[in-house]
Amino acid sequence: PLFFNALRSLDLAGHDARTAAAFLRGGVALSTAHTNWDCAPGGINDALCAALGYPVVGSFGSDSGAGALKVAFTTPQGSADALIAAASGAGAGLVGAYEGCAFMSDGVGAFRPLAGANPAIGVVGHRERVDEVRVEMSLAEDQRSAVEAALRASHPYETPAIDFYRLAGSAGHPAGRLARVEGEPSLGDFAAHVTARLETRCETWGNPTRPIRVAAFVGGAADGEWRAAQRAGADVLVTGEVKQHVALEASESGFAILAAGHYATEMPGMKEMARRLARAIPEVEWEVFEPSPGSSGRPLV
């Protein structure tokens, strides 16, 4: 991202400050996704596997650090679908490749509005019983505020009952992906396939004749994930950048590692982000910036 570290001043001698100044002058807003899009289902690493034609069979490695919650709320029958849509729009109900996931159960709500209340159902001072639906949906911890605000804005009740529960043993989405490699090609042939599909230049360490059955993928600079990939049962880790001492340690440990370039391993994810934004907000024209080779972080080869 442009601001990998906090920007303390607008010293125009630096690239990041010059870019920020250009945005300010042009009235342009900047929204940055980094580790969250790496880890997210369908994000950088799922898109990387898809670009290479490998089906994802699992995940591994470090995660985004966002724990998992469950939200539960009750609403009169007939209002559930609208509230599920509102919560989904704020990020709840996403399970793997499915969205809008919710569990609903029927029940009866009882209450008596007091003086000063403005009940959507019932009369002040009278005990009421209402057929209601209890809805449960999952969400990431950092989506709690947005989901709660969406539910309160859409709920027909003046003071809706909305509860959040932390799921035991929950953690964020792991960044890495494991993919099955059909045909068990040699490491040399596997590297050639990655090179051709991503239109990049790969540096590969390992026995070139080694058969590749399961490959691990973490786009960008993630060579430190090779141990986690090895423990997860992968034969090779594909990432963007590999330090020399990591290449030495991994290859001498009998594990193959491949550096396909930071730009090349993350670009499929940016194209996928544009596709998703276009589906979500079709009234906006979305463009993917593909710089010329040798500029804006894209290498010549």
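This is a predicted model: local features need pLDDT of at least 70, side-chain atom pairs count only at pLDDT 80 or more; totals for chains, interfaces and linings use all residues.

Entry one, the pair. I looked up α3 and α9: they pack at an angle of about 105°, and their axes lie 7 Å apart. Angles of 65 to 115 degrees count as roughly perpendicular, so α3 is roughly perpendicular to α9. Which residues make the contact? From α3 I noted Ile44, Ala47, Leu48 and Ala51, and from α9 Thr265, Glu266, Pro268, Gly269, Met270 and Glu272. By type, the residues of this contact split into 6 nonpolar, 2 polar and 2 charged.

Entry two, α6. This helix covers residues 187-198, 12 residues in total, and spans 16 Å from first C-alpha to last, close to the 16 Å expected at 1.5 Å a residue. I then checked burial: Leu187, Phe190, Ala191, Val194 and Leu198 are the buried residues of α6. Why do they line one face of the helix? Looking down the axis of α6, I see its buried residues within an arc of 100°, so they line one face. An α-helix has 3.6 residues a turn, so residues three or four places apart point the same way. On the other side of α6, Asp189 and Ala196 are exposed.

The buried residues of α6 pack against several elements, among them α3 (44-52) and α9 (262-280), the pair from entry one. Strands β7 (203-205), β8 (214-218), β9 (236-239) and β10 (256-259) are packed against as well. Last item: just after α6, glutamate 199 has a positive phi of about 50°.

Conventions. Residues are numbered from 1 along each chain as its sequence is written. Side-chain values use heavy atoms; hydrogens and water are left out. Helices (H or I, at least four residues) and strands (E, at least two) are DSSP runs, numbered from the N terminus. The expected span of a helix is 1.5 Å times one less than its number of residues. Buried means under 20% relative accessible area, exposed over 50%, partly exposed in between (1.4 Å probe, protein chains only). The arc is that of the directions from the helix axis to the C-beta atoms. Contact means heavy atoms within 4.5 Å. Axes are lines fitted to C-alpha atoms, for helices over the stretch in contact, and angles run from 0 to 180 degrees between N-to-C directions. Angles under 35 degrees count as roughly parallel, over 145 as roughly antiparallel, 65 to 115 as roughly perpendicular and the rest as oblique. Ala, Val, Leu, Ile, Met, Phe, Trp, Tyr, Cys and Pro count as nonpolar, Asp, Glu, Lys and Arg as charged, and the others, Gly among them, as polar.
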